[in-house]
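Student: I have a new model open and would like someone to walk me through it. Could we go slowly, please?

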Amino acid sequence: MKVLVLGAGVVGTAAAYFLAEDGHAVTVLDRAPGPGLETSFANGAQISACHAKPWATPDTPGLALRWMFQADAPLLFKPLRWDPPLWSWGLKFLRNCTEARLHVNTERTLRIALYSRAVLKALRQKTNIQYDQITDGILHIYRSRAAFAEGRATAALLESYGLPQNILSPEECARVEPALAGAAKSDLVGGLLSPEDESGDAHRFTVELAKLAAARGVKFKTGVTIKRIEGPHRRVTRVVTTTGSGCTEETADAYVLALGSSSSLLARDLGLKLPVYPAKGYSITAEIENPDAAPTVSVTDETNFMVFSRLGNKLRVAGTAELTGWNTTLDPVRVEPLLRNARSLFPAASSYTDVQPWCGLRPATPDSVPLLGATPYENLFLDTGHGTLGWTMACGSGRIIADLISGRTPEIDLDGLGLSRFK
Ligand SMILES: Cc1cc2nc3c(=O)[nH]c(=O)nc-3n(C[C@H](O)[C@H](O)[C@H](O)COP(=O)(O)OP(=O)(O)OC[C@H]3O[C@@H](n4cnc5c(N)ncnc54)[C@H](O)[C@@H]3O)c2cc1C
């Protein structure tokens, strides 16, 4: 079958790879000059099934209100701006801020995240793909008693859905990650270890996977902007694109929508209202100057909502969320907390004088569960809305999309992972 994958982020590239493995003739379109150059470029680098708790919880509205006027808050939300897509998304988000929805959404996210982690491990074994991966788990650290108590409650919830975590004292945290020895003596109150989670460079992975996909015949057409998706009779007939040389069109038997946070903008032409809104996040990447003082295990600072991952000789620090539309302007005020926290947790790892700041738009859904699978258009499939866990969920999502297009039953139940849950 001829398949057009729209978007060459980590999600679209993974789908293209698995579709090619099934023998389809695949073309990937992307406006960037290469794969993985937008949100998949410099994220937190974690393969973190343990991060399955959704953003929408009974506590989130109160926290968001408290943070509304704090420029460097972990979550920045400006509901008073003229932004109808945000208001519509926000109402759906509020409906998910209940204890009951928290359980439903955690189970759904964990279902796809655990599956995806297993698919990634199998892919790595099969292809020996290299992307600065570290497979020693993810260590969550807590710097206040209240946050640690909440963390243990979340751990119990995740365990009830099949993800065990080990509860650690500050000293045990420092044994897992010796670079935390200083923090363990000062303000660490405890930690949780997710031993099967991992980290690795999502951009490097995407580039390497694109090469493996190309070797299986996938064509990557980059520098191509998708202007419109057309389908007058519940069947997509063509995609209208522009390149440097003007307007053109692409056609296929099946189409995969993997345009990250732009997915909702392009789906509008088809009358599809996808509840995908950009949640802007920031990262910094610093050169490691003292390897013994830098973490090897990926660390999540749950008190400050930040992650630390070692990628070769670089330290990636990522976090913060901002619901301010489709803009990628770098605000130094939002970068500052990342730098401050890196200096406080790993002071000797780097001089932090030459850090690379970056921001990207997480394709967020109101319930933190991605949008996978069928649409009212018989030949259009969704592979988007992966929000804060797109790197974690990319491989499993790609495998599922390939299964659906190839007429196979996916290996996990897709109930609650599709667009129909928003009807
Ligand atoms: C600060 C930060 C930290 C994060 N940390 C983690 C983490 O630790 N672990 C994790 O699992 N996830 C993390 N994420 C989330 C993860 O990065 C995203 O979910 C993931 O990258 C989304 O991948 P994607 O392929 O859907 O989107 P993208 O990577 O954005 O890919 C979409 C592609 O579509 C293309 N495109 C868009 N519009 C058009 C158009 N009109 N025409 C042609 N091409 C178009 C873009 O060029 C892009 O290449 C983080 C995100 C951020 C911002």
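Tutor: We will begin with the whole protein and then turn to some of its strands and helices.

Tutor: This is a predicted model, so local features need pLDDT of at least 70 and side-chain atom pairs count only at pLDDT 80 or more, while totals for chains, interfaces and linings use all residues. Residues are numbered from 1 along each chain as its sequence is written.

Student: How many helices and strands are there in the protein?

Tutor: The protein has 11 helices and 20 strands, where helices (H or I, at least four residues) and strands (E, at least two) are DSSP runs numbered from the N terminus. The protein is as compact as a globular protein of its length, because its radius of gyration is 21 Å, close to the 22 Å that the globule rule gives for 423 residues. That radius is taken over C-alpha atoms, and the rule is 2.2 Å times the number of residues to the power 0.38.

Student: What does the C-alpha trace span along its principal axes, and what share of the residues count as buried?

Tutor: The trace spans about 65 × 45 × 40 Å, and 52% of the 423 residues count as buried. A residue is buried if 20 or more other C-beta atoms lie within 10 Å of its own, exposed if 12 or fewer, and partly exposed in between, with C-beta atoms placed from the backbone.

Student: OK, strands now. Is strand 17 enclosed or open, and why?

Tutor: Strand 17 (residues 314-323) is largely enclosed by the rest of the structure, because 9 of its 10 residues are buried.

Student: Which strands pair with strand 17?

Tutor: Two strands pair if DSSP finds at least two bridges between them. Strand 4 (residues 75-77) pairs with strand 17 in the parallel sense over 3 bridges, and L75 stands opposite A321 there. Strand 14 (residues 277-287) pairs with strand 17 in the antiparallel sense over 7 bridges, with E287 opposite K314. Strand 16 (residues 306-311) also runs antiparallel to strand 17, joined to it by 6 bridges; R310 stands opposite L315, and S309 has R316 as its bridge partner.

Student: What sits between strand 16 and strand 17?

Tutor: The two strands form a hairpin with 2 residues between them, and G312 takes a positive phi near 65°.

Student: And which residues cover the two faces of strand 16 as buried ones?

Tutor: On one side M306, F308 and R310 are buried, and on the other V307, S309 and L311 are buried. Strand 16 also pairs with strand 15 (residues 298-301) in the antiparallel sense over 3 bridges, with T300 opposite V307. Those two strands form a hairpin with 4 residues between them, and F305 in the turn has a positive phi of about 55°.

Student: Switching to helices, how do helix 4 and helix 11 cross?

Tutor: The axes of helix 4 (residues 99-127) and helix 11 (residues 390-406) come within 7 Å and cross at roughly 85°. Axes are lines fitted to C-alpha atoms, for helices over the stretch in contact, and angles run from 0 to 180 degrees between N-to-C directions.

Student: Which classes of residue make that contact?

Tutor: The contact of helix 4 with helix 11 has 9 nonpolar, 4 polar and 2 charged residues. Here Ala, Val, Leu, Ile, Met, Phe, Trp, Tyr, Cys and Pro count as nonpolar, Asp, Glu, Lys and Arg as charged, and the others, Gly among them, as polar.
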